[in-house]
Amino acid sequence: MDDLFDSPELLAIVEVDQADRVVCQAPGCGHSVYKRIHVVRQYGHASVFGSDCFARLFADIVRAGHPRYGRAEARLLTAEERALLAQNTERLLAQFETERVEALEQQRLLREHEESMRRAEAERAQQARRAAELRRPPSAAEIASVEPEAKRIVRERFQVDPDQAGWRGLVVIEARKLLGR
């Protein structure tokens, strides 16, 4: 656990106006920086470094990739964010974390919405296929499969022999009803 706590983590790469530059906190540096300010947490503390000091002190992080908050391009801070960087870096990082969580939630909601839309489209396509199937006239084989039941219904309802001439139409109508068409 101590190794994780002691391992440096690149949190953000930010930028401020040149007039609002900050001091690099690398031991013995003291240069002012305004472009590509690297915010790093190590030993439970957030510090800011210029690009050169960051590359020199944290070569492993440089190879590891992107910061936790934002992208590899520097994020230009607003005046309020600049003040937080200088006065309360932890509060600025908490704000970045809130933004990150909100962005992740937005992405999750978007994925859910897209999945819901895909399911709805698939359901509409299935319903269209079913509707087309219902509009299709039944085949002779389908009618034959329910014809004995259709003849029984015609025989009972009309008190006739459905095999006699003239009753075939009613048998087909009842067969279609039985087939759900």
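Student: Which residues are linked with Glu147 in a network of salt bridges?

Tutor: In this predicted model, Glu147 is linked with Lys151, Asp163 and Arg168 in a network of salt bridges.

Student: And how many salt bridges does the structure hold?

Tutor: The structure holds 22 salt bridges, and in general side chains of opposite charge can pair when their charged atoms come close.

Student: What does arginine 157 pair with, and how far apart are the closest N and O atoms?

Tutor: Arginine 157 forms a salt bridge with glutamate 174, and the closest N and O atoms of the two are 2.7 Å apart. Arginine 157 belongs to helix α6 (residues 140-158) whereas glutamate 174 belongs to helix α7 (residues 168-179), so the pair ties together parts that are 17 residues apart in sequence.

Student: Is glutamate 174 buried or exposed?

Tutor: Glutamate 174 counts as buried, because its relative accessibility is 6% and the cut-off for buried is under 20%.

Student: Now arginine 119 and glutamate 115: where do they lie, and how many residues apart?

Tutor: Both lie in helix α5 (residues 89-135), and they are 4 residues apart, which is about one turn of the helix. An α-helix has 3.6 residues a turn, so residues three or four places apart point the same way. Arginine 119 and glutamate 115 form a salt bridge whose closest N and O atoms are 3.6 Å apart, and glutamate 115 is partly exposed at 30% relative accessibility.

Student: Staying with α5, how far does it reach from its first C-alpha to its last?

Tutor: Helix α5 has 47 residues and reaches 68 Å from its first C-alpha to its last, which is close to the 69 Å expected at 1.5 Å a residue.

Student: Which residues in α5 are buried, and what covers them?

Tutor: Thr89, Leu92, Leu93 and Phe96 are buried in α5. The elements that cover the buried residues of α5 include the strands β1 (9-15), β4 (37-42), β5 (45-49) and β6 (75-76), together with helix α4.

Student: OK, α4 then. At what angle do α4 and α5 pack?

Tutor: Helix α4 (residues 79-87) packs with α5 at an angle of about 130 degrees, and their axes are 5 Å apart. The two helices are therefore oblique to each other, because an angle has to be over 145 degrees to count as roughly antiparallel, and 65 to 115 to count as roughly perpendicular.

Student: Which residues meet there?

Tutor: From α4, Glu81, Leu84, Leu85 and Gln87 meet Thr89, Arg91, Leu92, Gln95, Phe96 and Glu99 of α5. By class, this contact of α4 with α5 has 4 nonpolar, 3 polar and 3 charged residues.

Student: Switching to the strands: where is serine 47, and what does it touch?

Tutor: Serine 47 is in strand β5, and it is buried, with a relative accessible area of 14%. Not counting residues up to four places away in sequence, serine 47 touches Gln25, His38, Val39 and Val40.

Student: What is the phi of arginine 36?

Tutor: Arginine 36 has a positive phi of about 50 degrees, although it is not a glycine. Most residues other than glycine have a negative phi. Arginine 36 sits in the loop between β3 (32-33) and β4, and at 34% relative accessibility it counts as partly exposed.

Student: And tyrosine 43, what is its phi near, and where is it found?

Tutor: The phi of tyrosine 43 is near 55 degrees, again a positive value in a residue other than glycine. Tyrosine 43 is found in the loop between β4 and β5, and it is exposed, with a relative accessible area of 53%.

Notes
Residues are numbered from 1 along each chain as its sequence is written. This is a predicted model: local features need pLDDT of at least 70, side-chain atom pairs count only at pLDDT 80 or more; totals for chains, interfaces and linings use all residues. Side-chain values use heavy atoms; hydrogens and water are left out. A salt bridge is a side-chain nitrogen of Lys or Arg within 4 Å of a carboxyl oxygen of Asp or Glu. Buried means under 20% relative accessible area, exposed over 50%, partly exposed in between (1.4 Å probe, protein chains only). Axes are lines fitted to C-alpha atoms, for helices over the stretch in contact, and angles run from 0 to 180 degrees between N-to-C directions. Angles under 35 degrees count as roughly parallel, over 145 as roughly antiparallel, 65 to 115 as roughly perpendicular and the rest as oblique. Contact means heavy atoms within 4.5 Å. Ala, Val, Leu, Ile, Met, Phe, Trp, Tyr, Cys and Pro count as nonpolar, Asp, Glu, Lys and Arg as charged, and the others, Gly among them, as polar. The expected span of a helix is 1.5 Å times one less than its number of residues.
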